[in-house]
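Dear colleague,

Here is the structure I promised to pass on to you. Please look through it first, and then read my notes below, which go from the whole chain to single residues.

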Amino acid sequence: MTTVYPIGGSLYVNVTNRCTNNCDFCIRNTPSGVGDVDLWLDREPSGEEIYNAIIGADPQKYGELVFCGYGEPFFRADEIIYTARKIKAEYDIPVRVNTNGHANRINGRDITQELTGIIDVLSISLNAENAEKYNKICKCAYGEEGFYEMLGFARKAKKYVPRVILSVVDIIGEEEIEKCRRVCEKAGCEFRVREYSE
C-alpha cells in the first residue's frame, strides 16, 4: 500500500481513493497513473500510519509535503490536520494540499480555520469558468453546486492559509483559460495552469 511517494523534490501523501468528482482528465483514468507507483489503497491509513510513513521517508530531504494521492484528500480532513500538526512541530517543511475544494461539504463543517498554521498552500482545482461547464467536466456528486462549494471554500480558506491557488488543466484551451483566470482574480486567489499528462 503506497502512502508516500516522491515526485521531483516533493514528498506526496496518498490518504484516500474516494472523491466527489470523476473528472474527464483525472490521472486515475489514464493507463500510466503516476509512473510505476500503484496508488490504489486497499484501506485508508490512520493518522498515525500516515505520520509514520512520512517520518520513514525522511521528510527533511524534501522541499515540500503534499497531501494528494488518488482521491480527494479532505475526505480525511481530521487525519490530515492531525498529521500536518505533528509534522510542523518537528520539521520546517511547507505543507500543501491538492484538493477539489469540497472539504466543507464533505465534512459537514467549515474546516478552513483548522488549517491555520499547519497548511501553507491549498491548490484547488477550478477546472471551468462556470457551474455548468464544471459539472460537465468534473461529473460532480453535488452537481453544479460543486462549483459554488469550491469557490466558497477558496474564499474562506484565504483567511487562514497563506497561499490559495486555483488551477486549471491546459487542455481546456486558451479562451477558457482566460475566462478561468478572471474567475480566479475575482475570488482573490493565485492562478495556475497545470500541464495535462496522459
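The radius of gyration used here is taken over C-alpha atoms, and the globule rule is 2.2 Å times the number of residues to the power 0.38. Please keep in mind throughout that this is a predicted model. For 198 residues a compact globule would have a radius of gyration near 16 Å, and because the protein chain has 16 Å, the two agree. Along its principal axes, the C-alpha trace of the protein chain spans about 45 × 40 × 30 Å.

As to the fold, the protein chain has six helices and seven strands, and from the N terminus on these elements run β-β-α-β-α-β-α-β-α-α-β-α-β. Of the contacts in the protein chain between residues at least 6 apart in sequence, 77% join residues that are at least 24 apart. Buried residues make up 51% of the 198 residues, while the accessible surface of the protein chain comes to about 9400 Å², with 46% of that surface belonging to carbon and sulfur atoms. The protein chain carries 25 positive and 31 negative side chains, and the centres of these two sets lie 4 Å apart.

Ser10 lies in strand β2 and counts as buried, because its relative accessibility is 11% and the cut-off for buried is under 20%. Leaving aside residues up to four places away in sequence, Ser10 touches Tyr5, Tyr62, Glu64 and Val66. With one of these, Glu64, the side chain of Ser10 makes a polar contact, side chain to side chain, at 3.4 Å.

The loop between β2 (10-13) and α1 (47-56) holds Asn17, which at 16% relative accessibility is also counted as buried. Which backbone atoms does the side chain of Asn17 reach? A polar atom of this side chain lies 3.3 Å from the backbone oxygen of Leu39, and the side chain of Asn17 also reaches the backbone nitrogen of Leu41, at 2.7 Å. Cys19 is found in the loop between β2 and α1 as well, but Cys19 is partly exposed, with a relative accessible area of 31%. Although Cys19 and Ile106 are 87 residues apart along the chain, their C-alpha atoms are separated by 9.7 Å.

Further on, Asp58 lies in the loop between α1 and β3 (64-67) and, at 28% relative accessibility, counts as partly exposed.

Two residues deserve a look for their backbone angles. Most residues other than glycine have a negative phi. Asn127, however, has a positive phi of about 70° although it is not a glycine; Asn127 sits in the loop between β5 (121-125) and α4 (131-138) and is buried, with a relative accessible area of 2%. Lys139 likewise has a positive phi, near 45°, and is a residue other than glycine. Lys139 lies in the loop between α4 and α5 (145-157), and at 42% relative accessibility it counts as partly exposed.

Gln113, in the loop between α3 (103-107) and β5, counts as exposed, because its relative accessibility is 53% and the cut-off for exposed is over 50%. From Gln113 to Glu129 the distance is 27 Å, C-alpha to C-alpha, for a separation of 16 residues in sequence.

Finally, Phe191 is found in strand β7, which covers residues 190-194. What does Phe191 touch, not counting residues up to four places away in sequence? Its contacts are Leu126, Ile165, Leu166, Val168, Ile177, Cys180, Arg181 and Cys184. Ile111, by contrast, is 22 Å from Phe191 in space, C-alpha to C-alpha, and 80 residues from it in sequence.

Terms used
Residues are numbered from 1 along each chain as its sequence is written. Side-chain values use heavy atoms; hydrogens and water are left out. Helices (H or I, at least four residues) and strands (E, at least two) are DSSP runs, numbered from the N terminus. Buried means under 20% relative accessible area, exposed over 50%, partly exposed in between (1.4 Å probe, protein chains only). Contact means heavy atoms within 4.5 Å. Accessible areas come from the Shrake-Rupley method with a 1.4 Å probe; for residues, only the protein chains shown count as cover. Lys and Arg count as positive and Asp and Glu as negative; His and the chain ends are not counted. The place of a charge is taken as NZ of Lys, CZ of Arg, CG of Asp or CD of Glu. A polar contact is a pair of N or O atoms within 3.5 Å; within protein, one must be able to donate a hydrogen and the other to accept it, and residues adjacent in sequence count only if both atoms are side-chain atoms.
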